[in-house]
Amino acid sequence: MSKLWQARFFTTVNQLRDLPSTRVPEIAFAGRSNAGKSTAINILTNQKGLAFASKTPGRTQHINYFSIGGAHVGQHRKDPTIVEEIQALLVDLPGYGYAEVSGTAKLHWQKLLGDYVQRREQLAALVLIMDSRRPFTDLDVQMLEWFAPTGKPIHCILTKADKLNQNEKTNALRQARMVLDSYVDEDGEGFPFTVQLFSALKRIGVEEADAKILELLGLTDDDAGEPDANGAPDHS
């Protein structure tokens, strides 16, 4: 059982001043409103409704935090989260890319996300969710370029890979790596960018993404769960 399955809602914020004061590593998920970000988070945490997409795409302008550790496994549990025992935080950033969003909301989104990804010390890495059929839109590139100067890792997840044939999958990965390899620092060194294919429907790449996220958070996944009263692992 992955430690990501322990994820449960922690808090939501709409202003930088309200970001939690926790010092544990955070990994943020970003992507277009229709790229499958919420679905990817739910598959990785093995929970149907942990992250949810707004019925009006692009309207949700909040940063949602999910805790790992500090409580029993499962969002349905009612026991309180012990903040001091939280090991890491998953951060669901607002989806982007819908023209219906007002200009004021867009400016707020840009300020909130730009400042968060560039300045948040606790942010260990960014997971960039993109549709494998339409990766690296202008806003995806903007997110890459906001975050690249931090020198922290970006892991790109190319969703909906089940809609591609084998040749298209190979091409999508190759082209994505070419884009990522084109980013270099002042010394000509490449950034720590990685990419993979993913499909929630066919469960393609789920284990790969799980392992990468745990690696980026500095969490090991060598235990099968917390023991129950009889000493057996708790898989609830």
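Student: Is D92 buried or exposed, and how does one read this?

Tutor: A residue counts as buried when its relative accessible area is under 20%. In this predicted model, D92 has a relative accessible area of 5%, so D92 is buried.

Student: Where is D92 placed, and which residues is D92 in contact with, leaving aside its neighbours within four places in sequence?

Tutor: D92 belongs to strand β4, which covers residues 88-92. Apart from its neighbours within four places in sequence, D92 is in contact with several residues, including F29, K37, I41 and H62.

Student: Which residue meets the side chain of D92 in a salt bridge?

Tutor: A salt bridge requires a side-chain nitrogen of Lys or Arg within 4 Å of a carboxyl oxygen of Asp or Glu. Here the partner of D92 is K37, with an N to O distance of 2.5 Å. This pair links distant parts of the chain, since K37 lies in helix α1 (residues 37-45) and D92 in strand β4, 55 residues apart. K37 is buried as well, with a relative accessible area of 8%.

Student: How many salt bridges are found in the whole structure?

Tutor: The search finds ten. One of them joins the side chains of R23 and E121, at 3.3 Å from N to O. R23 lies in the loop between β1 and β2, and E121 in the loop between α2 and β5, so the pair ties together parts that are 98 residues apart in sequence. R23 is exposed, with a relative accessible area of 60%, and E121 is exposed at 63%.

Student: What separates R119 and D115 along helix α2?

Tutor: R119 and D115 are four residues apart in helix α2, which means that about one helical turn separates them. They form a salt bridge whose closest N and O atoms are 3.8 Å apart. R119 is exposed, with a relative accessible area of 59%, whereas D115 is buried at 9%. Elsewhere, salt bridges that share partners join D131, R133, R134 and K160 into one network.

Student: How many bridges join strand β2 to β5, and in which sense do the strands run?

Tutor: Strands pair if at least two bridges are found between them. Strand β2 (residues 26-31) and β5 are joined by six bridges and run parallel; I27 stands opposite A125 in β5. Strand β6 (residues 154-159) also pairs with β5 in the parallel sense, over six bridges. In that pairing, D131 has T159 in β6 as its bridge partner. The chain passes from β5 through helix α3 (residues 138-147) to β6, and this β-α-β crossover is right-handed.

Student: How many residues of strand β5 are buried?

Tutor: Strand β5 (residues 123-131) is mostly covered, with eight of its nine residues buried.

Definitions and conventions
Residues numbered from 1 in each chain as written. Predicted model: local features only at pLDDT ≥ 70, side-chain atom pairs only at ≥ 80, totals over all residues. Heavy atoms only, no water. Helix = DSSP H or I, 4+ residues; strand = E, 2+ residues; numbered from the N terminus. Buried < 20%, exposed > 50% of the residue type's maximum accessible area, 1.4 Å probe, protein only. Contact = heavy atoms within 4.5 Å. Right-handed = clockwise from strand over helix to strand, strands pointing away.
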